[in-house]
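These are my notebook entries on one structure, kept in the order in which I looked things up.

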Amino acid sequence: MGRTSNGFPDDDHQQLQNGAVSDAATSRHYSLADHQSEDADDIDETDIRAVVAKDYSTRRLPAITDTHQSPVIVPGSGVSMGRPFIKRREHPLTLRVTVLTLMICILVTGIFTISPLAADGAASGVTAFQTLAGSLSRNGQPSYFYYTTVEGDSAESIARKFHVQLGGIYKLNNLYAGEEISIGIAYKIPEDPNYGKGYTPRTIPSLSAANFGNKRFGPNWWNSMAGINIPSDSPCAPDGGNNPLGYQLTAPNWNARWVRGFIVYGTWVYHTGADLAAPRGNPIHAAQQGQVIWAGYDATNGLGWSVKIDHCHHLSTVYGHMDKLLVKTGQYVVQGQPIGLEGSTGNSTGPHLHFMVEWNNMWLDPTLYFASTYTITHYVSP
């Protein structure tokens, strides 16, 4: 290809090129020849210069050349020769289903968690999620529902209300023998009326024979052992020997109402003492003289503010659920002395005194040491 002195292609090549370009762009060709003929006087042909597209193949971009005659517009197909868009990555169907399922589970769980469910007042304060979980059987547990205790409830009254086994309630809720329930707590109630029949709950581990005799002043009432290391000057109850009435105990909660007593359910002790109720704040009295070996708050096994007194001769008494204590550990007390005020602390569903009589630190029926229900609820001089 020849070139002129000014660097542009020679005329022969330019004519061939112009012909090819004109043929390729006949549909949109614009020539200045007509314009020149109309305005020949005004336009100098030698000054006409235009850079136009030249395409030898559809496989590459157009080349650039020069023409003396006219500019040419080369038509395009409208389709980019490059790939400006990246195809969106497709997600497997299983991944989409998994994400959707997870979102639904989160939504449903949130709804069940924040939505309280109350059916006939039996599950007040229990979320629908708890109720739904209780309807499923896991690890051998039966289906169950929740019941929130109210004032005056007891485990046996709940068992009667729903026609289920008392042992079933203790087994489902992992309660130990003699443990009382608390007000405002949601307990599991089995739907199977026979679940827990013949069940024997666990006892307080510290009450096993291997733990007896550890400490006189222990960290709680059941680990404060009566009968050991008794001070020589400690006041003691009369030795009644084999006659329980010979120990001459007097009522601990004067002018109280009898609520319930010592209860044995099958082979285990369900209720470990006597519940005696009077107006809240009623003074609680020592049933006999002795030394206080425990005075504090039982946060583990439900007695709340409580006191234990060693009366010597294997005998001790325990007082629970008080609102306030009036004695301290190690203190000597006389019979009838106020030791606290009636309350409802610990596992309790209403103000009352939980009164226990122990022989060698094991609870037994308190009524054996009183002549009648009247003498355990009202003061009678020994």
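Predicted model: local features only at pLDDT ≥ 70, side-chain atom pairs only at ≥ 80, totals over all residues.

**Entry 1: strand S6.** I found 4 of the 5 residues of S6 buried, so the strand is largely enclosed by the rest of the structure. I then looked up its pairing: S6 and strand S5 (residues 144-148) run antiparallel, with 5 bridges between them.

**Entry 2: confidence.** I checked how far the model can be read. The protein chain has a mean pLDDT of 77, and 65% of its residues reach 70 or more. For residues 1-43 the pLDDT is below 50, and beyond near neighbours in sequence this stretch has 48 contacts in the model. Residues 206-212 also have pLDDT below 50, with 15 contacts in the model beyond near neighbours in sequence.

**Entry 3: strand S13 and its partners.** I turned to S13, which covers residues 304-310. Here 6 of the 7 residues are buried, so S13 is largely enclosed by the rest of the structure. I recorded strand S12 (residues 290-298) as an antiparallel partner of S13, over 7 bridges. Within that pairing, Asp 298 is bridged to Gly 304 of S13. The hairpin of S12 and S13 has 5 residues between the strands, and in it Gly 302 takes a positive phi near 95 degrees.

I also recorded an antiparallel pairing of S13 with S14, through 5 bridges. Val 307 has Tyr 319 in S14 as its bridge partner. The hairpin of S13 and S14 has 4 residues between the strands, and Cys 312 in it has a positive phi near 70 degrees.

**Entry 4: Ser 306.** Which side chain does the side chain of Ser 306 meet in a polar contact? I found Trp 294, at 2.9 Å. Leaving aside neighbours within four places in sequence, I listed the contacts of Ser 306, among them Trp 221, Trp 294, Asp 298, Tyr 319 and Leu 325.

**Entry 5: the disulfide.** How many disulfides does the model hold? I counted 1 disulfide. Cys 236 and Cys 312 form it, with their sulfur atoms 1.9 Å apart. The torsion about the S-S bond is -55 degrees, and the link is left-handed. Cys 236 lies in the loop between strand S6 (186-190) and strand S7 (257-260), and Cys 312 in the loop between S13 and strand S14 (315-322), so the pair ties together parts that are 76 residues apart in sequence.

I compared the accessibility of the two ends. Cys 236 is partly exposed, at a relative accessible area of 26%, whereas Cys 312 is buried, at 5%. I also looked up Cys 105, which counts as partly exposed at 42% relative accessibility.

**Entry 6: a three-stranded sheet.** Last, I traced an open sheet of 3 strands in the order S11-S17-S15, with antiparallel pairing. Its edge strands are strand S11 (283-285) and strand S15 (324-325), each pairing on one side only. S15 is joined to strand S17 (residues 338-341) by 2 bridges, and the two run antiparallel. I noted Leu 341 of S17 as the bridge partner of Lys 324.

Notes: Residues numbered from 1 in each chain as written. Heavy atoms only, no water. Polar contact = N/O pair within 3.5 Å; in protein donor to acceptor, adjacent residues only side chain to side chain. Contact = heavy atoms within 4.5 Å. Disulfide = S-S within 2.5 Å. Buried < 20%, exposed > 50% of the residue type's maximum accessible area, 1.4 Å probe, protein only. pLDDT = per-residue confidence, 0-100. Pairing = 2+ DSSP bridges.
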